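Please read this briefing alongside the sequence and the coordinates shown below. The points are grouped by topic.

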Amino acid sequence: PLREDLYPSFLVPPKRTVAVGRKDTDVALTADKSISRKHAQLWTEGVTVAECKSGSGASALLLRDLSKYGTYLNGEKLPTNEVVAVGEADILRFGVSACEFRLERIHATVSFSQIPSADKSRLFQQCAELG
């Protein structure tokens, strides 16, 4: 089994760009000099409020390499500045690092049954913002 302490994880929330790099980024990979300061960007697209209500929405995770040494998707080096879609169970590697990330979609369930109507509306809006 995978040991959580050996395999780092991070979330890519909907409607937010997550920066990966060596310095001043959301995901800091400081141990490897082949990681650029601003190495890559990850973000999601594709979920609407209507899809959130129905539970049918599935956002796409997108990736852009911004680096000198490269970003690898399933072992293949990505072209710099090109946007690519990343799927569940894909493996990402940044630079020449031995550290790899396996993508996994996390589904959240929220129950509104015992919440007053006014609070339900506010909570639903917050859930829609999270995707």
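What follows covers the sheet, a histidine and its surroundings, the salt bridges, and the aromatic rings. The model is predicted, and the values below are computed from it. An open sheet of five strands is present, with mixed pairing, and the structure holds two salt bridges.

**The sheet**

- The five strands of the open sheet follow the order β2-β1-β3-β4-β7, and their pairing is mixed.
- The edges are formed by β2 (27-28) and β7 (83-86), each of which pairs on one side only.
- Within this sheet, β3 (residues 40-45) and β4 (residues 60-65) run antiparallel and are joined by six bridges, and T44 stands opposite L61 in β4.

- H39 lies in the loop between β2 and β3, and it counts as buried because its relative accessibility is 0%, where the cut-off for buried is under 20%.
- The side chain of H39 makes a polar contact of 3.3 Å with the side chain of S67.
- When neighbours within four places in sequence are left aside, the residues in contact with H39 include V20, G21 and S34, a run from R64 through D65 and L66 to S67, and also G70, T71, F94 and G95.

**Salt bridges**

- Because D119 and R122 are three residues apart in helix α2 (residues 117-130), about one helical turn separates them.
- D119 has a relative accessible area of 31% and is therefore partly exposed, as the limits for that class are 20% and 50%.

**Aromatic rings**

- The charged end of R93 sits over the ring of Y72, at 4.0 Å from the centre of that ring.
- The count of aromatic pairs comes to zero, where a pair would need ring centres within 6.5 Å.

How values were computed: Residues are numbered from 1 along each chain as its sequence is written. This is a predicted model: local features need pLDDT of at least 70, side-chain atom pairs count only at pLDDT 80 or more; totals for chains, interfaces and linings use all residues. Side-chain values use heavy atoms; hydrogens and water are left out. Rings of Phe, Tyr and Trp (its six-membered ring) pair if their centres lie within 6.5 Å; planes under 30 degrees apart count as stacked, over 60 as edge-to-face and the rest as tilted. A charge sits over a ring if NZ of Lys or CZ of Arg is within 6 Å of the ring centre and within 35 degrees of the ring normal. Two strands pair if DSSP finds at least two bridges between them. Helices (H or I, at least four residues) and strands (E, at least two) are DSSP runs, numbered from the N terminus. Buried means under 20% relative accessible area, exposed over 50%, partly exposed in between (1.4 Å probe, protein chains only). A polar contact is a pair of N or O atoms within 3.5 Å; within protein, one must be able to donate a hydrogen and the other to accept it, and residues adjacent in sequence count only if both atoms are side-chain atoms. Contact means heavy atoms within 4.5 Å. A salt bridge is a side-chain nitrogen of Lys or Arg within 4 Å of a carboxyl oxygen of Asp or Glu.
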